[in-house]
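Let me put the structure up on the screen, and then I'll walk you through it.

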Amino acid sequence: MAYWLFKSEPDAWSWDQQKAKGKAGEEWTGVRNYQARNNMRAMQIGDLGFYYHSNEGLEVVGIVEVCKLAHPDSSTDDPRWECVDIRAVRDMPKPVTLKDVKANPKLADMALVTSMRLSVQPVKPEEWEEVCRMGGLVPAP
């Protein structure tokens, strides 16, 4: 299993909206960055990801699961862009802020710190465990 981080502006698509989609999940559309698209192409069914509110909140608020492999993004006719579908798994008991991530030396190399603009990022297993611990999830899901 691999781990990821999905960024969303809460006024565009919030954690509550994601949860409301239930088991069916929702397409993660609108990504127009090749590296983020390639990250989605690498995902497998069952991979887990952090759901991160960007611009407003700046915090990990939930955990999602990849429920459909990369496929054409329905929000564009451009064949270069693909997306996965994700579904909400659980709330983060205590949201983990960007400030807290940056303050933790164990997370100094996390893509959230080093590649802040990337909307879909890989998360290393040890980073996953540390953020889960910070958010009150022990052991990590």
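This is a predicted model: local features need pLDDT of at least 70, side-chain atom pairs count only at pLDDT 80 or more; totals for chains, interfaces and linings use all residues.

We have 6 strands making an open sheet, and the order across it is E2-E5-E4-E3-E1-E6, with mixed pairing. The edges are E2 and E6, each of which pairs on one side only.

E2 is residues 26-27, and it pairs with E5 in the antiparallel sense, over 2 bridges. If you want a landmark there, find Glu 27, which sits opposite Asp 85 in E5. Next comes E5 against E4: those two run antiparallel as well, joined by 10 bridges. Val 66 facing Ile 86 in E5 is a handy pair to click on. Then E4 meets E3, residues 48-53, again antiparallel, with 6 bridges between them. Over there, Leu 48 is across from Glu 65 in E4.

Now the helices. H5, residues 125-134, lies across E1, E3, E4, E5 and E6. Its angle to E3 is about 55°.

The other helix I'd like to show is H2, residues 34-41. Which of its residues are buried? They are Ala 36, Arg 37, Asn 39 and Met 40. Look down the axis of H2 and those buried residues fall within an arc of 155°, so they line one face of the helix. And what do they pack against? Strands E1, E4, E5 and E6, that is, 3-8, 59-72, 82-97 and 120-123. One more detail on H2: the N-terminal end is capped by Asn 33, with a side-chain oxygen 2.9 Å from the backbone nitrogen of Gln 35.

Moving on to the loop between E1 and H1, please find Ser 14. Is Ser 14 buried or exposed? With a relative accessible area of 13%, Ser 14 counts as buried, because the cut-off for buried is under 20%. Setting aside neighbours within four places in sequence, Ser 14 is in contact with Tyr 51 and His 53. For a sense of distance, take Val 84, which is 70 residues away from Ser 14 along the chain: their C-alpha atoms are 17 Å apart.

Last topic, cysteines. How many disulfides does a search of the whole structure find? The count is 0. Take Cys 67: the closest cysteine sulfur belongs to Cys 83 and is 11 Å from the sulfur of Cys 67, which is too far for a bond. The cut-off we're using is sulfur atoms within 2.5 Å. Cys 132 isn't in a disulfide either, and the nearest cysteine sulfur, the one in Cys 67, is 19 Å off. Cys 132 is also buried, with a relative accessible area of 0%.

That's my tour, so over to you for questions.

Methods. Residues are numbered from 1 along each chain as its sequence is written. Side-chain values use heavy atoms; hydrogens and water are left out. Buried means under 20% relative accessible area, exposed over 50%, partly exposed in between (1.4 Å probe, protein chains only). Helices (H or I, at least four residues) and strands (E, at least two) are DSSP runs, numbered from the N terminus. The arc is that of the directions from the helix axis to the C-beta atoms. Contact means heavy atoms within 4.5 Å. A polar contact is a pair of N or O atoms within 3.5 Å; within protein, one must be able to donate a hydrogen and the other to accept it, and residues adjacent in sequence count only if both atoms are side-chain atoms. Two strands pair if DSSP finds at least two bridges between them. Axes are lines fitted to C-alpha atoms, for helices over the stretch in contact, and angles run from 0 to 180 degrees between N-to-C directions.
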